[in-house]
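Please read this briefing alongside the sequence and the 3D view. It covers the strand and helix packing and the pairing of charged side chains.

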Amino acid sequence: MAITMKEAMTERHTVRKYKTDKLPGDIVAKLNERIDENNSRYALNIQLVTDNKEAMPGIMAATMSKNVLNYMILAGPDKASTEEMLGYASADLMLYAQTLGLNTWWIGGMYSKKNARKNSISPEGSKIIGVVAVGYGMEQGVPHKSKSMGEVSTYEGVIPDWFKAGVEAALLAPTGMNRQEFTIKGTGNEVSMTVPEGSFSKADLGISKYFFELGAGKENFNWK
């Protein structure tokens, strides 16, 4: 039975080891359709690569992962907003993949940048910030250690249910080293989210914003 995007937030966990099962043609078509929608909406160049083992360097493939044969290359134009937009779009794609019965792993530092560039069909000069492994996991992963709502957020006045739901959703989001370094502040129906400067911080911001929106409901607030 298919699950919703909201249900996918709680069911999705990082999975590094995959079965060798090929992705069925209809699943590939659905993933590509979703990728095309995100590329069109956010002016990105994300691409699905299937049946290709070149994403992981040999030592990583041998020690930290298994059978990473399908992956999405996170690429876009070389401009300031791209990293956050790729984070935001990758969050949508990871959760969508989960609704299709797939597992994912957002890989920012351990993939083969040379091979990602070689296999990418994005325009010359595009920025590649990482890849998302996708496939049928050997297991379903485990929840990451999470901070509390009070450690990452503040709200002026009585906290509305939508804000609580948004923060709880953001805490489910995958972030670099699971640091959850974002800070969420709310006043009325205005919300801000910030992250300290660092590796993948803008991508983390985009991913966390997507999760917050899905949990809170975009109709309930505005980004400040």
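A residue counts as buried under 20% relative accessible area, as exposed over 50%, and as partly exposed in between. The coordinates come from a predicted model, and K127, at 22% relative accessibility, therefore falls in the partly exposed class.

**Salt bridges**

- The structure holds 6 salt bridges, and one of them joins the side chains of D78 and K127, at 3.8 Å from N to O.
- Because D78 lies in the loop between β2 (71-76) and α4 while K127 belongs to strand β4 (residues 127-135), this pair ties together parts that are 49 residues apart in sequence; D78 is exposed, with a relative accessible area of 58%.
- R34 forms a salt bridge with D92, with the closest N and O atoms 2.8 Å apart, and this pair links helix α2 (residues 25-42) to helix α4 (residues 82-99) across 58 residues.
- D92 counts as buried, at 7% relative accessibility.
- E181 and R179 also meet through their side chains in a salt bridge of 3.7 Å, N to O, where E181 is partly exposed at 40% and R179 is partly exposed at 34%.

**Sheet and packed helices**

- Four strands form an open sheet in the order β5-β6-β7-β8, with mixed pairing, and its edge strands, β5 (153-156) and β8 (222-223), each pair on one side only.
- Strand β7 (residues 190-194) pairs with β8 in the parallel sense over 2 bridges, and W223 in β8 is the bridge partner of V191.
- Helix α8 (residues 201-216) packs on the sheet and touches β6, β7 and β8, its direction making about 150° with that of β7.
- Helix α7 (residues 161-170) lies across β5, β6 (183-187) and β7, running at about 170° to β6.

Definitions and conventions:
Residues are numbered from 1 along each chain as its sequence is written. This is a predicted model: local features need pLDDT of at least 70, side-chain atom pairs count only at pLDDT 80 or more; totals for chains, interfaces and linings use all residues. Side-chain values use heavy atoms; hydrogens and water are left out. Two strands pair if DSSP finds at least two bridges between them. Contact means heavy atoms within 4.5 Å. Axes are lines fitted to C-alpha atoms, for helices over the stretch in contact, and angles run from 0 to 180 degrees between N-to-C directions. A salt bridge is a side-chain nitrogen of Lys or Arg within 4 Å of a carboxyl oxygen of Asp or Glu. Buried means under 20% relative accessible area, exposed over 50%, partly exposed in between (1.4 Å probe, protein chains only).
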